[in-house]
Structures are given as structure tokens and as C-alpha cells.
Amino acid sequence: MAAKSDGIAAVSVLPESPAPSPAVKRYSLPDCCWTLAALLVFFSDGASDLWLAADYYLRRDYWWFALTLVFIVVPSVVVQALSFRWFAYDYAEEDGGGGGAAAAAAVVAAAGAESHLLGGKGAEQRGAGAAARSSGGGGRTCCRACVWLFQSLVHILQLAQVWRYVHALYLGVQSRWRGDHSYWRMMFESADISMLRLLETFLKSAPQLVLQLSIIVQTSQVLPLQGLSASASLVSLAWMVASYQKALRDSRDDKLPMSYKAVVVQMLWHLFTVGARTMAFALFVSIFQLYFGIFIVAHWCAMTFWIIQGETDFCMSKWEEIIYNMMVGIVYVFCWFSVREGPTRCRLLLYSLIVLAENVALTAAWYLYRGPWTSDFYAVVVVCVVACSYALGTFFMFVYYCLLHPDGPVSAGNLGCCLEEAGPVSEPCPSSAVSAPPPDVVSSPPRTLQRTKGGAEQEAGGEGADVFQVRPPAGLRTPAPRLTPKTEGPVIRIDLPRKQYPAWDAHFIDRRLRKTILVLEAASPVTPRIQYRCLGTPKEVMEYETTV
């Protein structure tokens, strides 16, 4: 049976027969430590900036105090408003009726009817409990009011990121204790906090870093709080770029996950390249304030046009896609950010050459037009610091792509710009619910995945493309090590083509699809898995879908 998510996409619910599936540990101790470290980075960045602003005020440097405070308050308010909008939409969908609630109710009804086919006693009890909770709505009004009051207070105090980090940590631990039953809630919360923190770092930490470095260059002295604030902002920038890439890869089953070793190397890559970039900005803006503003606007316009010309596919509507491209243009002012599948190495090389030329031009302009109070020795040291920082960042970039990239090391044969980037892609769509891969493979990123040449051959139905995938009989299968028998959950088939990496899947972006998945997860004894429409077999999708 199927239900529509507010008319956006048909969502089909298919039962699965009991079958053994490998026991995969969803949430681990390194994941918990990474979340705690992210909280530490967030607090250190925000606290150091506030402390420095207070110090400027006590020193009667009111102009620097105002600029520092503006780059703290304005981005924080923007992020809090976006976070509260997400909460209000999600919680209003839970409380109210409307199309989203009707779709979710239809899915729950379908899941409850199919639970008898699964033969799960726990599913019947869970369905009965859900029915009891839905029938007794008298005592929920007070609880809803308390939740709204609590969330309003959290967002007014500018602590939405802290709450989301703590909530993601709680859901991760709960998913491990309860057999991954809270897996999708944990993934959705991790995606939300990654997007919010990435937006906040480039709206707050990046301008704050340029501001403090320019003040240091103008005054030719480094206060302890200035160094602490600049260091915290730089670490926050590098941390969130690497953390966002890890969260994005962890959310997709068609991509290999990024190891923490690769995340650390990528963080060092962005740490040194962004450090060199912001240092060049600070040197130039210390002398040419007006020209620096013109340069930033021109670079942002050029990068945004480049991104739009690439025809990205991240959002669910055209206007949201344009706004997203404009925000990525801000990111491109400071560092590289992959937004489109394809020959990434060619685009990365072009961007690196542009940034290198700009850094050389900005630093050379400062060196030639610096004030008489700046000695030649000090100027040469500063130029060497910028050059060495960018060289170190480039070195770690090569280490990441040549040794630690999740898709495998880059060989000498595919370094050219004309070749497509080799890596794992989505497996062909199964011909039936029985032939679908196990839920542990679909609902979480696999640790090992077959490498293919690309998804274009499969969609076009070329000679090398697999038309059918047939699961071998039970007697001919090779038993996998350490199998734990458990009941398969329902398959959620979304009548939308899957977005290509590096875009988030539609069920992470469209919050109405989220609602359907979360309601079904609450009604199912195990974690449901997601299956998108296969472009190669549209008739098969129509055969299995029935719209309610």
C-alpha cells in the first residue's frame, strides 16, 4: 500500500519476509566522542568571541567591540530562527491534522496491517500502544505546551545547537540500546545540526577570523584573547567542513563512510588552506578596505554563477536551490566545497589555482603598499607564513585523496581531469521486495561496498549493465559470519528519483517525508529502510504502488 506525502511523492510500504541479517553496530564510542568534541569546539568558539568582545569594551575600543559583537549576534539569530522554523514545522506536523498527518496515518495503518504478515508479536504490541497513545489526547495538551515553552526558551537563549547536539547524542545511545530503533531520528538530527553549524561557521567564524587577524596586523601585536578567538574560529571552520562531509557520507548507503582518520586529515587540509586564505584577506583589508569589499563581492558573484551553471540538485524547489547556491558561494570565498557529482579533481584544481592566484595578489599588494612602521623582516615572515600554510594545506589535500579517500586511493592513471571520478554508486533497483538488499545495507552506510564504474551505464541500460539481480537460493548462499536472525522491517519506496551525491537524499531535505518515515519507524519493530524510484524500471514501480 502507499500513501502520499502531501502530494509530493508516493510512499509505498512493502513487507519483508523474515531473514537473517548481519548485526551492524550503528553507534559507537568514537561517534559519541566526536559529538562531545563538536560540543567543545562550539563552546570554545562562542565563549572566546564573547570574552574578546567584553575585553574590547573594557579597553574602550568601541569600534572593534561593535564589529566583534555584530559577527556574534547576527549569525546566531539567523541560525536560531532557522532551527526554530524547523522545529515548529516538525512539531506542528506532529500535532496538527492536514495532509502530512493523513499521510502518516495511512502509512501507520498500512504498517499495522502488514505486521501480521511479519508475524511479530512485538509489532502488535507496539501498534496497540501507538493506538492507545493516539486515542488518549486529553493529557497531551499540557505536554505540548511545555515542549513549545522549552524550545522557545532554548532558542531565545541561543542554545539551539547545544540542544540538538545533546539530542543527537541521546538518540545515538538510544539506537544502540534499543536495537537501532531510533536510527532514523538520530540520522535526521545529525543532518540538521551539521547543516546549521556549517551555516553558522561561515556566517560567524569566518568573518570573525578575518576581523581579528586584520586587527592584529594593524596593531602589530597579538593579545592573548585575540589569538584564542582567532584559533577557535579557525578550528571551528575546519572542523565543520570535515564534519559535514562525514555526516553526508554516513547518511547515504551508496557511498562508503569516511573514517575518522580521513576526517582528521581533511580537517588539517582545510585548517591550513583557510588559515592562509584568511591571513591574505586580513593583510589586504588592513590597507585597502574599500577594494577588499569589492573583491569579496566580485568573487562571491563569480563563484555563485559557477555553482548555478553547474545545475546543482540539493533542494526540493527552484527558489530554495537558488538560495542554497548563494550560500555555497559564501563558502567558496574561503574554501573548496563539492556540490556536484562528476570530475571533482578538475574543478578542485581550477578552484585551487584561482585561490592561489588571489592569495598571491592580495599578499603582494600588502607587501608593496604596507606602512612604514612594518619592518622588512616582519613582512617577509608574514609572507612566508601565508605561503607555508597554503603549502601544508595542499599537502594534506593530496594525502587525503591519495591515501585516505573513502572511495580508495587515487592512482596515477585517473588523475586527469577528463576522467570521471571512480567510486561506489547505488546498486541497481531490486526487481521485487524479496530481492532487496538487507536493511542493514540500505538504512546505514556499508563498511564495504562493491566498486562500479558509474550509474550512467546502469540507467542507460548498456551492455555491461545488470538488468536483473537474483538472490541465490537459501541452500546455495554462503553463510556470512556472525549472523543474528531478526525480522526484516518494511520497505519504504519513495516515488522520486534519488538525488546524486553530494546532495542529501530527499527524505533528509523534505520534512514531510521525514514525518512519514518517523511515524513508520515508531510503528515498526525494526528500522525501516528506504528505496527510491529506479529510473530504469518505471513500470515495476507503478505495479507495486497503490495510492491511498
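This is a predicted model: local features need pLDDT of at least 70, side-chain atom pairs count only at pLDDT 80 or more; totals for chains, interfaces and linings use all residues.
## Basis of the model

Local features are taken only where pLDDT is at least 70 and side-chain atom pairs only at pLDDT 80 or more, while totals for chains, interfaces and linings use all residues. Residues are numbered from 1 along each chain as its sequence is written, and side-chain values use heavy atoms, with hydrogens and water left out.

## Overall composition

The protein chain contains 18 helices and 6 strands. These elements are DSSP runs numbered from the N terminus (helices: H or I, at least four residues; strands: E, at least two). Of the 548 residues in the chain, 50% are buried. Buried stands for under 20% relative accessible area, exposed for over 50%, and partly exposed for values in between (1.4 Å probe, protein chains only).

Among contacts (heavy atoms within 4.5 Å) between residues at least 6 apart in sequence, 80% join residues at least 24 apart.

## Nonpolar cores

The largest nonpolar core has 103 residues. A nonpolar core is a set of buried Ala, Val, Leu, Ile, Met, Phe, Trp, Tyr and Cys residues joined through side-chain atoms within 4.5 Å. Trp184, Phe202, Tyr244, Tyr332 and Phe337 have the most contacts inside this core. Its largest share, 18 residues, comes from helix 7 (residues 183-219).

A second, separate core has 5 residues, including Leu52, Tyr56, Leu211 and Ile215.

## Helix 9 against helix 12

Helix 9 (residues 260-285) packs on helix 12 (residues 344-369) at an angle of about 35°, and the axes are 8 Å apart. The axes are lines fitted to C-alpha atoms over the stretch in contact, with angles running from 0 to 180 degrees between N-to-C directions. The crossing is left-handed, meaning that the near helix is turned anticlockwise from the far one by less than a right angle.

On the helix 9 side the contact is made by Trp269, Arg277, Ala280, Phe281, Leu283 and Phe284. Helix 12 contributes Leu348, Val355, Glu358, Asn359, Leu362, Thr363, Ala365 and Trp366. By class, the contact has 10 nonpolar, 2 polar and 2 charged residues. Here Ala, Val, Leu, Ile, Met, Phe, Trp, Tyr, Cys and Pro count as nonpolar, Asp, Glu, Lys and Arg as charged, and the others, Gly among them, as polar.

Asp55 lies in helix 1 (residues 29-58). Asp55 is buried, at a relative accessible area of 17%. Leaving out residues up to four places away in sequence, Asp55 touches Leu223 and Leu225.

Leu356 belongs to helix 12 and is partly exposed, with a relative accessible area of 36%. The C-alpha atoms of Leu356 and Tyr390 are separated by 8.3 Å, with the two residues 34 apart along the chain.

## Backbone exceptions

Most residues other than glycine have a negative phi, and most peptide bonds are trans. Arg60, not a glycine, has a positive phi of about 65°. Arg60 sits in the loop between helix 1 and helix 2 (62-95) and is exposed, with a relative accessible area of 63%.

Gln158 likewise has a positive phi, about 60°. Gln158 lies in the loop between helix 5 (140-156) and helix 6 (160-177) and is partly exposed at 28% relative accessibility. The peptide bond from Tyr501 to Pro502 is cis, with omega near 15°. Pro502 is found in the loop between strand 5 (491-497) and helix 16 (506-509).
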